[in-house]
Amino acid sequence: MSKLPLTLAVFCAAMLIALPLRAMEVKVAVLRVDRVVGPPISRLDAPPADLGFAGALLGNEDNRTTGAFTDTDYTLKTQAVALDKAGAALDALKAQGFNLITVIAEGGALKALSDQAGPEVLLLNAGARDETLRDVDCRANVLHVSPSRSMLSDSVIQFLMWKKWTRILLIHGSHPEDTLLAENYRKSAAKFGAEIVEEREFVDTGGARRTDTGHVMVQKQIPVFTQDAEDHDVIIAADEAGVFAPYLPYHSWDPRPVAGSAGLRPVSWHAAQEAWGATQFQRRFEKLTGRSMREEDYQTWLAMRVIGEAVMQSGKTDPASVRAYALSEDFELAAFKGQKLTFRPWNGQLRQPILLTDGRVTVSVSPQDGYLHQRSPLDTLGIDAPENACHAFGG
Amino acid sequence: MLRSAVVLLSAVLMFAAPAEANKVFVTNERSNNVTVLDSQSWEVIATFPAGNRPRGITISPDGKELYVCASDDDTVRVFDPETYKELHTLPSGPDPELFALDPSGNPLYVANEDDNLVTVVDVKTRRVLAEIPVGVEPEGVAVSPDAKTIINTSETTNMAHFISASTYEIEHNVRVDQRPRYAEFTADGKKLYVSSEIGGTVSVIDLTASEPAIAKKINFAVPGILPEWLQPVGVKATKDGSRVFVALGPANRVAVIDAAKDEVLEYLLVGQRVWQMAFTPGEEFLITTNGNSNDVSIIDVKEETVIRSVQVGEQPWGVVVAPY
C-alpha cells in the first residue's frame with residue numbers, strides 16, 4: 001500500500017532531473033515533390049537520390065551542435081513524394097507535429113501546398129524560382145531561400161555589362177519555364193542596358209536525349225541553328241528544361257561565349273566554391289554525405305540555418321515567431337558568401353550573392369562592383385520593392 | 001682609460017637604439033612561405049618555405065620555436081626562428097587555421113574547423129592532450145592572461161565558448177554576431193573582444209561579474225565604404241589598456257578604439273583586405289597583413305598613423321614578432 005506512492009515520488013523526481021528547464025524541441029521536415037523527367041543531357045547532372053535531403057542533414061547537424069549549448073533539440077524528417085501525393089504528405093506531416101517545412105517543388109506545386117498549409121505552418125521554399133511566387137502569387141506562410149529567376153538573370157547581365165558584352169543572342173527553349181526565363185533575361189537586359197539583338201527558339205521535338213554518337217549530329221545541327229545571327233558578343237541560353245543549352249558552347253556558328261543555362265551559369269552554389277571559408281563547409285558536407293554539394297543542398301542547408309538562427313536568437317520555436325524574427329531587422333545569416341544574408345521584408349525573399357560558374361571554378365560573383373542600391377547592393381538582383389505586387393507581407 | 005671608453009661607447013650605443021630590432025614573421029597564404037622583416041629597418045631579410053597554405057603563426061615566449069598552421073598539410077610546422085629550418089611538426093587535426101599558445105609556452109590550443117574541435121597539443125612531447133568538442137567551425141582561439149580560460153569562437157554556431165584550461169569543459173557560452181573570427185583579452189583580463197566578420201561588429205564581453213556578459217557591441221562606419229565591407233577580423237589591445245585596434249578586412253581600414261569607452265576614435269587606411277595584426281614587443285609598432293595588396297602596413301602606435309608599407313609574399317595572412 002505504501003509502496004506505490006513512493007515509487008511515484010521517485011519517478012516524478014527522476015522526471016524532474018531528466019527534463020532540463022529551458023529545453024526546446026524544433027521539428028523540421030523537408031518535403032521534396034518529384035516530377036517525372038527524362039535523364040539530363042550530361043550524366044554528371046543526374047540527381048542523387050538524397051538531393052536536397054543531404055543539405056538539410058548538414059543544416060540539422062549544425063543546428064544540433066549549436067542547440068547543445070542552448071538546450072534546443074532538433075529533429076529532421078525528409079520525405080520525397082510524387083506530385084499527386086504532395087497534399088496528403090503535407091497533411092500527414094502536420095498531423096505529426098511538423099509545422100516548419102522546407103519544400104523542394106515546382107512553382108505550381110508549392111503554391112498549392114502553401115494554400116493548403118494554412119497560417120499555422122511556415123514553408124521555406126528551397127526549390128521553385130518562379131517570379132510570381134514572390135510577386136502577385138506570394139503567400140504570407142512562405143519564405144524563399146532559393147533565388148528567383150530574375151535574381152539569376154540580373155546576376156548574369158551585370159557581369160556581361162562589366163565585360164562590355166552587351167549585344168546578346170538569346171536562344172530559349174519551347175517549354176513554359178524556358179519562356180519565363182527568357183522573359184527574365186529580356187527584363188534584365190533592359191534594366192542594365194544590354195541589347196538582345198536577336199532571339200531564336202530551340203523547339204523540343206521530343207525523343208531520346210541521349211543517343212550513341214549523338215555528338216556527331218550535334219556538331220552539324222548547332223552551327224546551322226546559330227548561323228546568320230545579328231552581330232552579337234555573347235549567346236544567352238534560356239533552357240531551364242535542360243534540352244539543348246549544353247550543346248551550344250564550341251558549336252555556335254560564330255565563336256562566341258555562352259552564358260545562362262550553359263557556359264557561364266548563375267547558381268546559388270557549386271561544389272568548387274572555396275572563398276569565404278566555403279572549403280570547410282564543402283568538406284563537412286562531403287564527409288557527412290559522401291558526395292559533393294548541389295544547389296538544392298545549399299538551399300535546404302540555408303533553410304535549416306534560417307530556422308536555427310531564428311530559434312536561437314528569438315528563443316521561440318513556433319512558426320509565427322520564426323517568421324517574424326527572420327523578417328525582422330535583427331536577422332542576419334552567415335552563409336559562406338562573404339556578406340550577411342537577410343530577407344526582403346516585402347516578399348520574404350532571402351537576399352544573396354549569386355555565383356557565376358563555368359562548372360569548374362567560380363568565374364565571378366554578382367552583384368558586380370558599382371551596382372549600388374539605397375538599401376543593399378544585393379537588392380540590385382531581382383525585382384525590387386517598388387515593382388513588386390506582393391501584398392501578403394503587409395506591403 | 002680604454003675601459004672607460006668602452007663603457008662610454010656602450011652607453012652611447014644603448015641610448016642610440018630607440019627600439020630593439022626584432023624579427024617580424026609574416027605567413028603568405030598563397031606563396032606558401034614566410035617573409036621575415038627587420039622591425040627597425042623594415043627591410044625583408046629572409047623568405048623561407050613554410051608548407052602548404054600557411055596561415056596562423058605564433059612564437060614561443062622564449063623566442064626559440066616558431067609555430068605555423070600549414071592548413072593544406074593538416075599540420076602545425078615548427079621552425080627555428082634563427083636558421084628558418086623546420087624542426088618538426090605537431091599533430092593539429094585537419095585544416096588548422098588559428099591557434100593560441102599558453103602564456104607559459106605550453107600547451108598549444110588549435111581550432112579544427114572541419115571537426116568542431118579544439119585540439120590541445122603538448123608542444124614538448126608533441127602529443128594530443130585533449131580534444132574539446134565546441135560549436136560548428138571553430139576559428140579564433142585565445143588564452144586568458146591568468147591562463148585559466150581558453151576562448152574559442154565558432155563561426156557557424158556564432159558563440160564564444162569559455163573553456164576551463166584545467167578540466168577542458170565548456171563553462172560558459174556567449175552568443176555573438178555572425179561569423180566570429182578573433183578573440184582578444186585585455187591585459188588585465190577584465191574584458192574580452194570578439195570580432196564578428198559577417199555581423200560587422202566587435203562584441204565587448206565583461207568578465208568582472210560571475211558570468212561573462214556582453215557589455216557593448218562596437219559598430220563601424222566609414223564614409224564612402226559600403227557597410228557590407230566593414231568586416232572586423234583581427235583585434236589587438238595595448239597592454240596599458242588604452243587602445244584596441246580592429247582590422248576591417250575588405251574595408252582596407254584599421255579602426256582605432258578608445259578602450260576606456262569602447263568607442264571608435266578613427267580609421268587608418270592600410271592595404272587591401274587587412275586581416276591579422278601583431279605588435280612589436282614594446283608596442284611601438286603594429287604590423288597588419290594586407291591579403292589583396294601583398295604587403296604589410298606598419299602603424300606607429302603612439303602617433304596612430306601608418307608610417308609605411310612593405311611588400312611581402314602573395315596573400316599575407318598572419319603575423320608574429322619575435323619577443324627578443
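Trainee: In which strand is the place of Leu269(B)?

Mentor: This is a predicted model: local features need pLDDT of at least 70, side-chain atom pairs count only at pLDDT 80 or more, and totals for chains, interfaces and linings use all residues. Residues are numbered from 1 along each chain as its sequence is written, while chains are lettered from A and ligands numbered from 1 in the order in which they are written. Strands (E, at least two residues) and helices (H or I, at least four residues) are DSSP runs, numbered from the N terminus. Leu269(B) falls within residues 263-269 of chain B, which form strand β23.

Trainee: Is Leu269(B) buried or exposed?

Mentor: A residue is buried with 20 or more other C-beta atoms within 10 Å of its own, exposed with 12 or fewer, and partly exposed in between, the C-beta atoms being placed from the backbone. Leu269(B) has 12 C-beta neighbours inside 10 Å, so it counts as exposed.

Trainee: Leaving aside neighbours within four places in sequence, which residues is Leu269(B) in contact with?

Mentor: Contact requires C-beta atoms, placed from the backbone, within 7 Å of each other. With the neighbours within four places set aside, the partners of Leu269(B) are Asn252(B), Arg253(B) and Val306(B).

Trainee: How are helices α2(A) and α8(A) oriented to each other?

Mentor: Axes are lines fitted to C-alpha atoms, for helices over the stretch in contact, and angles run from 0 to 180 degrees between N-to-C directions. Helix α2 (residues 53-70) and helix α8 (residues 278-289) of chain A pack at about 110 degrees, with axes 10 Å apart. Under 35 degrees is roughly parallel, over 145 roughly antiparallel, 65 to 115 roughly perpendicular, and the rest oblique. α2(A) and α8(A) are therefore roughly perpendicular.

Trainee: How many charged residues are in that contact of α2(A) with α8(A)?

Mentor: α2(A) contributes Ala54(A), Leu57(A), Leu58(A) and Glu61(A), and α8(A) contributes Arg284(A), Phe285(A), Leu288(A) and Thr289(A). Ala, Val, Leu, Ile, Met, Phe, Trp, Tyr, Cys and Pro count as nonpolar, Asp, Glu, Lys and Arg as charged, and the others, Gly among them, as polar. By class there are five nonpolar residues, one polar and, as charged ones, two.

Conventions
Two residues are in contact if their C-beta atoms, placed from the backbone, lie within 7 Å.
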